[in-house]
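We'll walk through it topic by topic.

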Amino acid sequence: MLNEAFNPTMLSEKAFLHIKKASEVLLSPLDTDIATTPYDVVYEEDRIKLKHYRPAAGTAQKAKTPLLVVYALVNRETMLDLQPGRSVLETFLNHGLEVYMIDWGYPTRKDRYLTIDDHVNGYLDNVVDVIRERHALASLNLMGICMGGTFCTMYAALHPEKVKNLVTTVSPTNFDTDRGLLHHWAQYIDADKIVDTFGNIPADILNFGFLLLNPAKLIIGKYDCLMENMASKPFVENFIRMEKWIFDSPDVPGETFRQFMKECYQENRLIKNEMMLDGQRVDLRKLTMPLLNIYAKHDHLVPPSACNRLSGKVGSTDTEDVCLDTGHIGIYVSAKSQNEFAPKIADWLMTREGAPKKPTPGKKTSGAKRSVRKAGAAAENKESKAAMPSSRKTPKKHPASRSAGR
Amino acid sequence: MTSASPEKTGFEEIFSGWVKASNHMMDAVSRTWTPQSPPTVDDTKNARGSLWSWVSPFDSWEKMSTVMNTATNLGALFTNPLQMKDLPQMPFPVWPEAMNLSPRGEGTETDYNKEIIDAVMGIYHRELSKVLNIPKLGITRTYQEKLARAMDKFQCFQKYISEFINILNIPLKQSFETAQENLSEMAKNGCQPQDLKKYHSRWLKKLETKYHALLNSPEYIRIMGKTLDAMADFTKARQDVLQDVMKFAGVPVERDMDELYKDLYLLKKRLKAVEKQLNASANHVPVRSSRKK
């Protein structure tokens, strides 16, 4: 009975040709380079680099305020520049934004003692100062991805005078949720033991953990899809690019991991304004600049419930939540998102461009108060809500996020 | 190797010889493993742990290799497999039966594996662990203790990693069992799936659901936590032993490097704080230790 079901004679000539074509594709030269948008390294400190992306040819730079993109410490920022035509950075450049991005590099054993404070008040603050000096500006636009967005949120609350507009994308700020497996598992992980043993958290362990979030899809289904489409060269090239990125993982500095696990995942201090960095309280009410908070409906890593409380906690009145119908990675790399995600951010920033603020000579910029946009911001919010059906101002309950792959 | 046959090429002859040799080997193994007494009804029904479960796949392999090894099919195998004759008669080896995935008999495969793990660890804790924990004596007692601790932690790690792998295997086995049952049922009723791709997608979806349920369960989280702890304990114990060995060779160990890194980190932090203070004060020359281009 089983023999008849899997009778090899049912293999059509089509299947045989598929295998033949697939082998031709795999044996041919493949274009699998990622992060090809040209940039210059304008600043280095320890393992980190600040990349300045060259303006797109034939595109006038319309925005006077530069945008600094801060990626997470997990995986690499190259995901934002996966390939031409599917590059968030390229879209930003085409919309006339001036873009900088931090490359966190590959932590080694000597980086194991770096804390969140070292990353936020150290590296990130230094990078912001470098960009401000280069452009003679008091503040810049800040955009964070995932854990990078968490860092940006902390930074903006501690240094609001240096941040003109804040964009957070799939950034966890509320960790008290049982929607995502990571949040569930993190409650039972002994971070102290792991960090004391390993120093930095090995990338292989992190990669394995992420695969376990949805093993059926990420270990079996993904490669099934590859087998079916192996005869298509563009598909194979795209697939290999994603594979290159997804398994290109740096280790995470031990003390940062310890702090993130304990103080964020297990104690949820950030959203409760109890997070302390180098003796300073991270008070979200001091986050008074415009905030665009984007998250993904089917995000199995950072579910909507981990993101959608931020707008209600900040001091800014110009806030907007946007929930896209996609997953954690799809928000950046899917073809559909290319027309929704990056243009939305670019337009939102351009709307708030205004006159760039110059630093006042002789006056300290730290601690200076920013004016809060009220009436104008409300009108702008209405416009952008109309453009994006899933954007909203008032947080509401989301259905459980479906696994949509990484 | 068989004598050359006029219709076989050199490569085909090698392949043919390999198939025959494999057949002989499988036959010999099958005879060795097959119990001398005839199978009972329970043996044939309960494939789990039963040596009779291997008879069927061995027979299948023998039949398949015989069909493949004919001159016509050998030639077709290397040119166009679709032209191989007697393909409908080629039996599909019932490997799932051999791997004891059939849901026959009482109890589950999971329990069986867990019982083995628990039994082995029980023996270890009752017998070997006590030996490892005997107080060490003499000038090298510290090193002996570290070695014994590393061995003990290794056993614990083995236990939990086995449980972890076992529990991760559950949804896969369950989904295979269900798929096998469904296929058998469909075949009995004469309505086999026409579109295997759809069937496969359905199976994958069910597997995803099973994994989602498992990964959220308290049992999985308990085992995952224990495995991580055991891995950390074993890694630490192993590092202690290795570092002692490296010390004898005069090689700086991780502990030494970590102390150095810590000093370096604290020095850099102090330096940056001083830099910031200097830069913030009036009438200063900007100071920056990092490289700006």
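This is a predicted model: local features need pLDDT of at least 70, side-chain atom pairs count only at pLDDT 80 or more; totals for chains, interfaces and linings use all residues.

Chain A has 406 residues, and 60% of them are buried. Chain B has 293 residues, of which 36% count as buried.

**The two chains overall**

- Chain A is built with 16 helices and 13 strands.
- Take the contacts in chain A with a separation of 6 or more: 82% of them join residues 24 or more positions apart.
- For chain B, the figure for residues 24 or more positions apart is 66% of the contacts with a separation of 6 or more.
- Chain A exposes about 15,900 Å² of surface, with 55% supplied by carbon and sulfur atoms.
- Chain B has an accessible surface of about 18,400 Å², and 61% of that belongs to carbon and sulfur atoms.

**The nonpolar cores**

- In soluble globular proteins, nonpolar side chains tend to be buried together.
- The largest nonpolar core here has 133 residues.
- Which residues have the most contacts inside that core? They are L50(A), L68(A), F92(A), Y332(A), F341(A) and Y220(B).
- Zoom in on F92(A) and, leaving out residues up to four places away in sequence, you'll find it touching L67(A), L97(A), V99(A), M143(A), A342(A), I345(A) and A346(A).
- There is also a second, separate core of 6 residues, including A22(A), V25(A), L226(A) and F239(A).

**Helix α11 of chain A**

- Just after α11(A) comes N268(A), which takes a positive phi of about 55 degrees.

- H183(A) sits in helix α6 of chain A, which spans residues 181-186.
- Is H183(A) buried or exposed? It is buried, with a relative accessible area of 0%.
- Not counting residues up to four places away in sequence, H183(A) touches N174(A), F175(A), T177(A), Y265(A), L301(A), P303(A) and A306(A).
- M242(A) belongs to helix α10 of chain A, residues 233-246.
- M242(A) has a relative accessible area of 18%, so it counts as buried, the cut-off being under 20%.
- M242(A) and D283(A) are 41 residues apart along the chain, and their C-alpha atoms are separated by 37 Å.

**A buried lysine in chain B**

- Look for K136(B) in the loop between α6 (109-132) and α7 (141-188) of chain B.
- K136(B) is buried yet has no salt bridge.
- How far away is the nearest side chain of opposite charge? That side chain belongs to E145(B), and it is 6.7 Å away.
- A polar atom of the K136(B) side chain does lie 2.6 Å from the backbone oxygen of L132(B).
- Setting aside residues up to four places away in sequence, K136(B) touches V131(B), R141(B), Q144(B), E145(B) and A148(B).

Technical notes: Residues are numbered from 1 along each chain as its sequence is written. Chains are lettered from A and ligands numbered from 1 in the order in which they are written. Side-chain values use heavy atoms; hydrogens and water are left out. Helices (H or I, at least four residues) and strands (E, at least two) are DSSP runs, numbered from the N terminus. Buried means under 20% relative accessible area, exposed over 50%, partly exposed in between (1.4 Å probe, protein chains only). Contact means heavy atoms within 4.5 Å. Accessible areas come from the Shrake-Rupley method with a 1.4 Å probe; for residues, only the protein chains shown count as cover. Lys and Arg count as positive and Asp and Glu as negative; His and the chain ends are not counted. A salt bridge is a side-chain nitrogen of Lys or Arg within 4 Å of a carboxyl oxygen of Asp or Glu. A polar contact is a pair of N or O atoms within 3.5 Å; within protein, one must be able to donate a hydrogen and the other to accept it, and residues adjacent in sequence count only if both atoms are side-chain atoms. A nonpolar core is a set of buried Ala, Val, Leu, Ile, Met, Phe, Trp, Tyr and Cys residues joined through side-chain atoms within 4.5 Å.
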